Amino acid sequence: MFTSIAGKSVIVTGASKGIGKGIAEVFARVGAKVLIVSRSEEAAQKTVEGIVKTGGIASAVAGDVTRESDMELVANTAVERHGGLDILCANAGIYPQTKLESMSVTEWNEVIGTNLTGNFLSVKACLSHMKGSDNGRIILTSSITGPVTGFPGWTHYGASKSGQLGFMRTACMEFAKYGITVNAVLPGNTLTEGLKELGQEYLDAMAASVPLKRLGTVEDIGNAALFLATKEAAYITGQTIIVDGGQIIPESLEALQEA
Ligand code: NAP
């Protein structure tokens with residue numbers, strides 16, 4: 001299954017580590033040609049080395065999603081190196097925590113600028129190149145935080161992640177005439193390098209709040225993105241897939257413990 005991805009040209013933003021790296025590895029495993037994007041080319045190159053070592057096709061380019069010219073360069077690079085552009089995984093995002101009472105406009109703008117405006121600039125730069133594809137796919141990495149849940153310190157983050165879905169619902173209509181679909185994956189707590197640094201005790205406590213009793217892996221998120229990118233998902237657009245082990249389901253702590 002999912003053989004339609006072999007040979008496709010894919011851009012993954014924020015792929016030097018974490019979920020983006022996981023998405024890139026999943027796509028490379030099924031034969032895609034993946035362009036790894038992060039602000040640091042050196043860090044992006046590390047992801048490339050891992051993919052190439054296992055027989056995959058990938059290359060790195062530095063790009064800041066908050067800069068229009070960077071994202072145009074990224075899209076052009078995919079076309080030059082990989083002969084076109086089929087799939088964009090707009091994944092780059094940041095999640096600094098600040099309670100609203102002490103949040104500055106600068107902090108607010110940084111999160112909205114990266115997570116929401118960065119999404120817009122990534123999609124805009126890729127659109128003209130994707131029109132030539134027979135498998136145009138845009139997959140946004142949103143979150144359960146904002147669209148479904150709340151978490152203290154993340155008003156800006158939640159707004160940006162909900163904003164991505166509002167953006168998606170109109171973009172998918174505008175791009176339908178080009179055969180390009182736009183969908184989103186909404187990860188729950190996902191085990192990334194950053195999360196591991198918080199220690200085993202913290203990880204265990206977080207896993208206990210998930211009905212499936214484990215945190216998500218970056219591969220879990222990559223698999224959902226991969227499905228949305230396939231030929232088999234051609235009739236799905238403007239939709240979301242929550243990948244959270246059931247985290248948002250229990251209506252109370254008691255409900256979770258009762259099970
Ligand atoms: P992460 O481990 O901190 O990685 C973030 C990636 O984005 C890095 O490659 C970083 O590389 C890149 N990046 C940051 N700012 C950028 C910018 N302005 N331009 C280009 N690249 C940039 O984060 P993550 O946990 O994997 O999260 C990835 C996405 O998943 C985010 O959109 C986040 O909101 C979402 N998400 C994560 C979780 C979770 O539990 N981890 C849950 C729900 C949703 P550089 O620093 O080199 O640029």
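Ile11 stands opposite Leu88 in β4. Residues are numbered from 1 along each chain as its sequence is written. This is a predicted model, where local features need pLDDT of at least 70, side-chain atom pairs count only at pLDDT 80 or more, and totals for chains, interfaces and linings use all residues; side-chain values use heavy atoms, with hydrogens and water left out. Helices (H or I, at least four residues) and strands (E, at least two) are DSSP runs, numbered from the N terminus.

**The sheet**

- Strand β1 (residues 9-13) runs parallel to β4, and three bridges join them; strands pair if DSSP finds at least two bridges between them.
- Seven strands make an open, parallel sheet in the order β3-β2-β1-β4-β5-β6-β7.
- β3 (57-62) and β7 sit at the edges with a single partner strand each, so one side of each has no neighbour in the sheet.
- From one strand to the next, the twist averages 20 degrees.

**Helices across the sheet**

- α8 lies across β4, β5, β6 and β7, at about 165 degrees to β6. Axes here are lines fitted to C-alpha atoms, for helices over the stretch in contact, and angles run from 0 to 180 degrees between N-to-C directions.
- α5 lies across β5, β6 and β7, and runs at about 160 degrees to β6.
- Buried residues in α8 include Val218, Ile221, Leu226 and Leu228. Buried means under 20% relative accessible area, exposed over 50%, and partly exposed in between (1.4 Å probe, protein chains only).
- The buried residues of α8 pack against α1 (18-29), β4 (87-90), β5 (137-141), β6 (181-187) and β7 (240-243), with contact meaning heavy atoms within 4.5 Å.

**Aromatics**

- Rings of Phe, Tyr and Trp (its six-membered ring) pair if their centres lie within 6.5 Å; planes under 30 degrees apart are stacked, over 60 edge-to-face, and the rest tilted. By this rule there are four aromatic pairs.
- Tyr95 and Tyr157 pair edge-to-face, 5.9 Å centre to centre with 75 degrees between the planes. Tyr95 is in the loop between β4 and α4 (105-130) and Tyr157 in α5 (residues 155-175), so the pair ties together parts 62 residues apart in sequence.
- Tyr95 is partly exposed at 48% relative accessibility, while Tyr157 is buried at 9%.
- Trp154 and Tyr157 form a tilted pair, 5.3 Å centre to centre and 45 degrees between the planes.
- Tyr95, Phe151, Trp154 and Tyr157 form one aromatic cluster.
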